[in-house]
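Hi everyone, thanks for making time.

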Amino acid sequence: ASPIARATRPQQIRSLLQLGPGFTAARRAFLRNKTDVVVSFGSYASAAALLAARSLGLITIIHEGNRDPGLANRRLAHYVHRIYLGTASPDLDWCNGTPSTVAGTPVRLNVAGIASSFRSIPEDRPARILVVGGSLGAGFLAREIPRVLQRVVGLGVSVEVHHQVDPGQVDGTRNAYARAGI
């Protein structure tokens, strides 16, 4: 699979042609593994697998963790049995009548445990911040978090930031933090 959104017309055509082999490979894998349920978390890579699952009569589910769904989930919504949402969304038209439920976003127990056992940051070191994002939110985080943290630093809080970004966004994100003095 390859991206369709924000791609040139020739790239879009190539992407559509790749659906066939992906569809066939996914069907074979589902049959070989006796799959019962397929859950898609979106992105162009999910299309062939979700359509293959549906063609086999498997239970199909989309989990949309973003407030605004990406292209793949919007286009595939009417092919699935159910949609689970990470957060409540004011606009559910994209679900095309498919039953939907706000279920939150799955988090590993050890990560959830960290959030529930909040502790204050020792004064002898900076606040350590990890920024991760995917899909449509990654670009927003890369642009906005340096500005937000600049205000935090201006309030006298020392910070140490680790920001995971797409390889193509490394220099731009580094520069944004440098402009913010972080």
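This is a predicted model: local features need pLDDT of at least 70, side-chain atom pairs count only at pLDDT 80 or more; totals for chains, interfaces and linings use all residues.

Okay, the overall layout. We've got 6 helices and 6 strands, and starting at the N terminus the order goes α-β-α-β-α-β-β-α-β-α-β-α. The radius of gyration comes out at 20 Å, well over the 16 Å that the globule rule gives for 182 residues, so the protein is more spread out than a compact globule. Along the principal axes, the C-alpha trace spans about 60 × 40 × 35 Å. As for burial, 26% of the 182 residues count as buried.

Now let's look at a pair of helices. The axes of α1, residues 9–32, and α2 come within 8 Å and cross at roughly 55 degrees. That makes α1 oblique to α2, and the crossing is right-handed. On the α1 side the contact includes L19, F23 and F30, among others, and on the α2 side it includes L51 and A53. By type, the contact residues are 10 nonpolar, 2 polar and 1 charged.

Last stop: L58, in the loop between α2 (47–55) and β2 (59–64). Is L58 buried or exposed? It's buried, because its relative accessible area is 12%, and the cut-off for buried is under 20%. Leaving out residues up to four places away in sequence, L58 touches F30, T35, D36, V38, A53 and H81.

Terms used: Residues are numbered from 1 along each chain as its sequence is written. Side-chain values use heavy atoms; hydrogens and water are left out. Helices (H or I, at least four residues) and strands (E, at least two) are DSSP runs, numbered from the N terminus. Buried means under 20% relative accessible area, exposed over 50%, partly exposed in between (1.4 Å probe, protein chains only). Contact means heavy atoms within 4.5 Å. Axes are lines fitted to C-alpha atoms, for helices over the stretch in contact, and angles run from 0 to 180 degrees between N-to-C directions. Angles under 35 degrees count as roughly parallel, over 145 as roughly antiparallel, 65 to 115 as roughly perpendicular and the rest as oblique. A crossing is left-handed if the near helix is turned anticlockwise from the far one by less than a right angle, and right-handed if clockwise. Ala, Val, Leu, Ile, Met, Phe, Trp, Tyr, Cys and Pro count as nonpolar, Asp, Glu, Lys and Arg as charged, and the others, Gly among them, as polar. The radius of gyration is taken over C-alpha atoms; the globule rule is 2.2 Å times the number of residues to the power 0.38.
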